[in-house]
Amino acid sequence: MSIKLLINLANPNFMSIISQNIKFLRKKKGLTQQQFADELGIKRSLVGAYEEDRADPKYELLKTLATYFDVTIDDFINETINEKWQPKPKGNPANIRILSISVDKEDNENIEMVPVKASAGYLNGYADPEYVSQLPKFYLPMFKQGTFRAFEIKGDSMLPLQSGTIIIGEYVENWADVKSGETYVVISKNDGVVYKRIGNKFKENKKLKLISDNPVYEPYEISGEDVLELWKAKGYISMHLPEPSPEPTMESLTSMMAQMQRSISNLQQGNN
């Protein structure tokens, strides 16, 4: 098993872009390589290796660099940052995002599972290869095209799916593709991991409406800027088998007959 970083829509030369960006942003701050190394607590030789594209910064250092230079990690590794560069709005659905995935010996992508107990940690580790490598994982041959992840849901807000059901979701690269009325696993800064039905198209700087299938729960909205990941539901695994359909009662049969008569009547009127 190995770990990959999936850089959606990324420039294939993103590591050379990182080296250019480090050099440009360091000089913009007016720092020498030694001063910059002292600020980050690393060796000056490493700074030189990064800027000359002789070594790749590890993920944790990439996060530190992006924070230090006050840019998003997506822009830092994919955009050529210079005097003309302008950052994308944070809520832009076309923003490029990083996703850590694991693969097996045949280079097939695993389906990592996020149990309820791991949901809180997932907010901090969803893009960290080390964290992802520690998640339970499995492979299903019917899920070949795309990148998938499994999330255990909790509670009864999405009945008839029971608490403990595992939702298998496909990673949504472009949030503009989100379709109203369909179900998604939504990863957000404030709500964590939730499984809901989406009530509107995703638009930057707008609220995203989340709807429960259980009518007891009221719909609510979250800020688009709070969303970290979106996974479109493609299947589920459950230990709760469906109950048999109830035997028809006289009342239900009478209602069905009345509905049929109304349908036939409407059809006859339409033909006249």
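Predicted model: local features only at pLDDT ≥ 70, side-chain atom pairs only at ≥ 80, totals over all residues.
Residues are numbered from 1 along each chain as its sequence is written, and side-chain values use heavy atoms, with hydrogens and water left out.

A pocket is an open set of points on a 1 Å grid over the protein atoms alone, where a 1.4 Å probe fits, with protein on both sides within 12 Å along at least five of seven lines; lining residues have an atom within 4 Å of a point. The volume of the second largest pocket is about 230 Å³, a volume being the space filled by probe spheres set on the points. Two or more lining residues come from each of β5 (148-152) and β8 (192-198), and β8 gives the largest share, four residues. Strands are DSSP runs of E with at least two residues, helices are runs of H or I with at least four, and both are numbered from the N terminus. By class, the lining holds nine nonpolar, three polar and three charged residues. Ala, Val, Leu, Ile, Met, Phe, Trp, Tyr, Cys and Pro count as nonpolar, Asp, Glu, Lys and Arg as charged, and the others, Gly among them, as polar.

V193 also touches S119, as does V114, when residues up to four places away in sequence are not counted; contact means heavy atoms within 4.5 Å. S119 belongs to helix α6 (residues 119-125) and is buried, with a relative accessible area of 15%. Buried means under 20% relative accessible area, exposed over 50%, and partly exposed in between, with a 1.4 Å probe and protein chains only. L228, in strand β11 (residues 227-237), is likewise buried, at 14%. The C-alpha atoms of L228 and S188 are 5.2 Å apart, although 40 residues separate the two along the chain.

Helix α2 (residues 33-40) packs against two other helices. With helix α3 (residues 44-51), the axes are 8 Å apart and the angle is about 110°, so α2 is roughly perpendicular to α3. Axes are lines fitted to C-alpha atoms, for helices over the stretch in contact, and angles run from 0 to 180 degrees between N-to-C directions; roughly perpendicular covers 65 to 115 degrees. In this contact, Q33, Q34, F36 and A37 of α2 meet R44, V47, G48 and E51 of α3. These residues divide into three nonpolar, three polar and two charged.

The axes of α2 and helix α4 (residues 59-69) come within 12 Å and cross at roughly 110°, which makes α2 roughly perpendicular to α4. Here F36, E39 and L40 of α2 meet T64, L65, Y68 and F69 of α4. Five of the contact residues are nonpolar, one is polar and one is charged.

D53 is partly exposed, with a relative accessible area of 36%.

Technical notes. Parallel < 35°, antiparallel > 145°, perpendicular 65-115°, else oblique.
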